[in-house]
Each structure stands twice: as C-alpha cells, then as structure tokens.
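Could you walk me through this structure in plain words?

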Amino acid sequence: MSIDLFRSPTEVKQWRYRQKDLSVGFVPTMGALHEGHLSLVERSMRENDKTVVSIFVNPTQFNDPKDLKAYPTQLETDLELLKALEVDLVFSPEEKDVYPDSYRFKLSENQDSKLLCGADREGHFDGVLTVVMKLFHIVNPTHAYFGEKDYQQLSLISDMAKAFFMDVKVVGCPTFRSREGLALSSRNERLSTQARAKAPNFAKILQSAPSIDEARAELDAQGFEVVYLDQLWNRRFGAVKLEDVRLIDNVAL
Ligand code: AMP
C-alpha cells in the first residue's frame, strides 16, 4: 500500500473537505521521526477516523542558522515509518507554500513565550505559533497531538487555540524515553557514542536533584553546559548543551 504524500496546502484542504464530519487527528513534526513522534501518531490513530502527519522543518523557529542547517532530514525513511503505521496522509510542504507572505504576518505571545526556551531563542515561539496556526488552518483537524517533551510549546499552543476560538482539541502526550531515561529527540542523532552514553544523566539529575542549585552543580560537574534550569507550573525544566547539541527535558514535581 502506498501512502498519500501531499506537497501543497490546496491539496490538503481539498482532501479535508472530502472527510466531511469525520474526526481528523493531526501530528505536526519536523521529521527525522523516532518512537516519540510515532507514539503521538499511534494515539491519534486510536482516537480519530483519519490521521494527518506533517513534516516541515520550520525555518522561522530557528534563531541560529547553524542549528537549522544541522537539523536532520530523512523524508524517505519517515515515509516508510508512517506507511507501516497506515497513516492516511503526510503533508510535507516547501517553505514558499507555507510562507507565501515571506513571514510578513506572524503570531506572537508576550508572556510565557519569553521564559525558558524563549529566553535565549529570540523569536522561537513566534515561529512555532505562526507555523502551527497556519498548519491548523490548512489541515483543519478536530484533534492535534503534541508531546510533553516540549511542554512549554504544548502549553502555548493549547492557550493559542483557546485565545483564537479554534475548533481543535489540543492533546498533550507523555514524553517517550529510551530505556536509560533519555527523552527521545531528533537532535540526539548528532551526539557521539560517548555523549549519547552520558546524555541520560541529564534526565536523572533533573528528576532526582533536591533543588535547582544542586541540579546545576551536578550537571556542571558532569560536563553538561547548562542553558537554563527553572521550576514553574509545578514542573522542573532544563536545557543543556552537550557537544553543542541542545537537549531539553522537563519533569512533574
Ligand atoms: P519535533 O519534530 O521535534 O518538532 O516534534 C514533533 C512533535 O513530537 C512535538 O509535539 C514534540 O513535542 C513531539 N515529541 C518529540 N519528541 C518526543 C518524545 N520523546 N516524546 C513525546 N513527544 C515527542
């Protein structure tokens, strides 16, 4: 069985129109799919008549061109994985089709998006919210699935949907971890074998350190470069760099 791969927003809108009253689950991704992404796709498939997955490395959410360039892409492999799950539709547009306005219009939030991952990544969440709003308008899903691994993103998208009276239910899904406890991420692919062995300690320290200060001291001692550590919304959040690869994680307190 082949999988439907659509490139243009118009094709997706026409497809959606044909689904009429069916429930449509949507999983937006930047590709380089792993089991974390697939857990969202499986949940959407269980809970909806149809499931759409988008694969689009969104340039407007990268404040560092080097990070954008280094972001892994593997469309063929991704399509194979989604085909095996029998996903109904994959939407993988080009930048010009998502930004016909060359990013003249954007959505910004001026409170929570300035914290944590927004503090050192100028414009990151404007890019995220803008692309997700565009994708919601194209796909018109009844349900959209986001991972708690990116908890701040999930929370902002959920608030955005409410603020703009959007008819979509934003569903948060638990972080999928390796056996050693590392939150799966497309960026993990860029770690050396040595760093990959050390990376799970980030989650362990985040989870078990009695305080933020003690977590910072332990991470420093183990050679992680701490970008931020903070506690809010009854959760502990952290971002570190290991071999110039940015890892983020969060745990409930
Ligand atoms: P990305 O491709 O990194 O933009 O992620 C696409 C979606 O998958 C986002 O909603 C992420 O939060 C989610 N996601 C990525 N990694 C994981 C993971 N390890 N567990 C659960 N969800 C994840």
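An oxygen atom of the ligand sits 3.0 Å from a polar backbone atom of G147. Keep in mind as you look that this is a predicted model. The backbone of M30 also takes part: one of its polar atoms is 2.9 Å from an oxygen atom of the ligand. With F176, the ligand atom is a nitrogen, and a backbone N or O atom of F176 lies 2.8 Å from that nitrogen. Taken alone, the ligand would expose 490 Å², and the protein buries 93% of that area.

Now let your eye move out from these contacts to the surroundings of the ligand. The shell around the ligand is made of 17 residues, and the closest are M30, H37, D150, F176 and L184. Sorted by class, the shell has 8 nonpolar, 7 polar and 2 charged residues. Which elements each supply at least two residues of the shell? They are strand β2 (24–29), helix α2 (35–47) and strand β5 (143–147). Of the contributors, α2 gives the most, with 3 residues.

D150 forms a salt bridge with K149, and the closest N and O atoms of the two are 3.7 Å apart. Are these two partners buried or exposed? K149 has a relative accessibility of 18%, so K149 counts as buried. D150 has a relative accessible area of 24%, so D150 is partly exposed.

Let us look at another pair, that of R235 and E148. The side chains of R235 and E148 meet in a salt bridge, with 3.9 Å from N to O. R235 lies in strand β8 (residues 235–242) and E148 in the loop between β5 and α7 (151–163), so this pair ties together parts that are 87 residues apart in sequence. R235 counts as buried because its relative accessibility is 12%. E148 is partly exposed because its relative accessible area is 24%.

A further salt bridge joins the side chains of K50 and D88, again given from N to O, at 3.9 Å. This pair links distant parts of the chain: K50 is in strand β3 (residues 50–55), D88 is in the loop between α4 (75–84) and β4 (89–91), and the two are 38 residues apart. K50 has 24% relative accessibility, so K50 counts as partly exposed. D88 has a relative accessible area of 25%, so D88 is partly exposed as well.

How many salt bridges does the structure hold? The structure holds 12. Some charged residues are joined in a network: D67, R121, R187 and R190 are linked by salt bridges.

What about disulfides? A search of the whole structure finds 0 of them. C117 is in no disulfide, and the nearest cysteine sulfur, that of C173, is 18 Å away. C173 is likewise in no disulfide, with the sulfur of C117 as its nearest cysteine sulfur at 18 Å. Why is there no bond between the two? A disulfide calls for cysteine sulfur atoms within 2.5 Å, and the sulfur of C117 is 18 Å from that of C173. C117 has a relative accessibility of 6%, so C117 counts as buried. C173 counts as buried too, because its relative accessibility is 3%.

To finish, here are some places where separate stretches of the chain can be followed in space. Helix α1 (residues 9–19) contains P9. At 14% relative accessibility, P9 counts as buried. P9 and H137 are 128 residues apart in sequence, and their C-alpha atoms are 9.4 Å apart in space. Where is E180 placed? E180 is in the loop between β6 (169–173) and α8 (193–198). E180 has a relative accessible area of 39%, so E180 is partly exposed. Along the chain, E180 and P200 are 20 residues apart, while their C-alpha atoms are separated by 5.9 Å.

Definitions and conventions:
Residues are numbered from 1 along each chain as its sequence is written. This is a predicted model: local features need pLDDT of at least 70, side-chain atom pairs count only at pLDDT 80 or more; totals for chains, interfaces and linings use all residues. Side-chain values use heavy atoms; hydrogens and water are left out. Buried means under 20% relative accessible area, exposed over 50%, partly exposed in between (1.4 Å probe, protein chains only). A residue is near a molecule or strand if one of its heavy atoms lies within 4 Å of it. A polar contact is a pair of N or O atoms within 3.5 Å; within protein, one must be able to donate a hydrogen and the other to accept it, and residues adjacent in sequence count only if both atoms are side-chain atoms. Accessible areas come from the Shrake-Rupley method with a 1.4 Å probe; for residues, only the protein chains shown count as cover. Helices (H or I, at least four residues) and strands (E, at least two) are DSSP runs, numbered from the N terminus. Ala, Val, Leu, Ile, Met, Phe, Trp, Tyr, Cys and Pro count as nonpolar, Asp, Glu, Lys and Arg as charged, and the others, Gly among them, as polar. A salt bridge is a side-chain nitrogen of Lys or Arg within 4 Å of a carboxyl oxygen of Asp or Glu.
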